[in-house]
Amino acid sequence: MRPFRIHPGWLLIALLVLTPARLPAEPNLPDIGDAAAGVATPAEEKRVGETVMRNIQRSGRIINDPLIDSYLNHLGYRLIAAGDSDMTDFHFFLIDAPDINAFALPGGYIGIHYGLILSTRTESELASVMAHEIAHVTQRHHARAYDFGGGSSLPVLAALIAAIVLGAQSPEIGQAAIASMTAGSIQSRINFTRANEKEADHQGIKLLANAGFDPNSMASFFEQLHKASRLYGPQGPEFLRTHPVTDTRIADARNRAREYSPSLSEDAESFHLMRNRIKVLTSREPAGLRDQFADNLKSGRYLNRTAERYGYVLSLLETGDVKRARQQLDTLLAEQPQRIAFLLGRAQLNFQQGKIDAALEHYRNALKLYPQNPALTQGYAESLLRSDQADTARQVLRDFLRERDRKPRFYQLLAEAEEKLGNRAHAQIAQGEYYYRTGLSRQAISQFNQALKSDALDFYDAARAEARLQELKNEIAALEDRS
């Protein structure tokens, strides 16, 4: 294996993801037609994005909550459907970081820090950030960066960008990045980045308006962050260091928004529900948050009463107050008996109280309403495994995983079910898939190799495992070959 080399082309992409630079008020904008054509192909970008995602998964910095994942992807695809790009394969995920930031990776992978969601006041503001990042992808800004910098080294992006977007890069890498560029080349890249930001703003506002969101929300959110940066100085929102905002940029966004009719749609309740869910999942003081929700409900200080009560339920469960959690959840279910978040809460609460049969029945009934729903399926499988019903859990998970590629947690649960049933080889295959999706490709190959040594696999399972093993080996070989 040849050692990895850091190539300026990929360092440029890293700088495009986050460039903490002061930019001129009126930069020279290059011609931004389809400059990406004939350079990095969509397939290459997709492969890079998948590799980066696995590295980020390995870092443990992704909040893998299926309810939040479903919400973000539903919101993202609403925006994508309002556009005219041929690129429609996107993946939205939540980063476990309190700072206000978001980023787009090659191939349609868009990460959002939970701090950004908590800083937004409306769904349109959140949608404005997502629309901006979607535009970076559909306008092929990563491929343009590749062309602008020249060269090719796919493995570097996987290692470098994953480190940079998580704020964990080593000083040595940073120094190498700086040393690889002259002052003039750095300035040219800054100007190019500013052009990308302007184009992403324009395209993002168009997506917002076409999808039925308030086109003014992008400028409003930028203005909110801009004020915060003046208050906190260099410690202001990370988003402003990765997406520099000036008065000129805000004015340009407002002018662009005037080209579209303002949206009169009401703010979605799902936004407030998931925002409060994130608050509970990331809180370091659950008791204090519980009291805050209770006080807000009494005083009427909330944006959405249902969402405030939902946050109260989750914080009560987090602090072990099951009795009051049930009372509050019953109120929510009486108002909205078919909302997935509340159905999931009821099943989890019953299981927590030791009412196993009732909990499993609630899961089964909910899955009849929402077949293959990830949050309900994960909760059901976990409950089945904890109640020693591994055989049913295995069947539920196998059916679920047959549809399409899923999150790592489902393969981990399947491995647990197979192991409990004594199916060691099948457990190793499932564990291999889990390792692969969490950035541990060599461990994944080891699991498949061990499984194939067993005579417990029938002909078809062995053939599938052999084919999958070859895929993994080919992928690693391709990456090494490009290093």
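**Confidence**

The protein has a mean pLDDT of 82, with 75% of its residues reaching 70 or more. Residues 1-38 have a pLDDT below 50, and the model gives this stretch 96 contacts beyond near neighbours in sequence. A further stretch, residues 147-152, also stays under 50 in pLDDT. For residues 147-152 the model has 17 contacts beyond four places in sequence. Where pLDDT is low, the predicted coordinates should not be read in detail.

The two stretches are set out below.

| Stretch | pLDDT | Contacts in the model |
|---|---|---|
| Residues 147-152 | under 50 | 17 beyond four places in sequence |

Three strands form an open sheet in the order β1-β3-β2, and their pairing is mixed. From one strand to the next, the twist averages 20 degrees. Five bridges join β1 to β3 (residues 109-113), and these two strands run in the parallel sense. Within this pairing, Leu-94 has Ile-112 of β3 as its bridge partner. Helix α3, spanning residues 66-81, packs on the sheet and touches both β1 and β3. The direction of helix α3 makes about 135 degrees with that of β1.

**Helices α17 and α19**

Helix α17 covers residues 340-352 and helix α19 covers residues 374-386. The two pack at an angle of about 10 degrees, their axes lying 10 Å apart. Because angles under 35 degrees count as roughly parallel, α17 is described as roughly parallel to α19. On the α17 side, the contact involves Ile-340, Leu-344 and Phe-351. These residues meet Ala-375, Leu-376, Ser-383 and Arg-386 of α19. Sorted by class, the contact of α17 with α19 comprises five nonpolar residues, one polar residue and one charged residue.

**Salt bridges**

The structure holds 24 salt bridges. One of them links Glu-269 with Arg-339, where the closest N and O atoms are 3.2 Å apart. Glu-269 belongs to helix α13 (residues 269-282), whereas Arg-339 lies in the loop between α16 (322-335) and α17, so the pair ties together parts that are 70 residues apart in sequence.

Notes: Residues are numbered from 1 along each chain as its sequence is written. This is a predicted model: local features need pLDDT of at least 70, side-chain atom pairs count only at pLDDT 80 or more; totals for chains, interfaces and linings use all residues. Side-chain values use heavy atoms; hydrogens and water are left out. Two strands pair if DSSP finds at least two bridges between them. Helices (H or I, at least four residues) and strands (E, at least two) are DSSP runs, numbered from the N terminus. Axes are lines fitted to C-alpha atoms, for helices over the stretch in contact, and angles run from 0 to 180 degrees between N-to-C directions. Contact means heavy atoms within 4.5 Å. Angles under 35 degrees count as roughly parallel, over 145 as roughly antiparallel, 65 to 115 as roughly perpendicular and the rest as oblique. Ala, Val, Leu, Ile, Met, Phe, Trp, Tyr, Cys and Pro count as nonpolar, Asp, Glu, Lys and Arg as charged, and the others, Gly among them, as polar. pLDDT is the predictor's confidence in each residue, from 0 to 100. A salt bridge is a side-chain nitrogen of Lys or Arg within 4 Å of a carboxyl oxygen of Asp or Glu.
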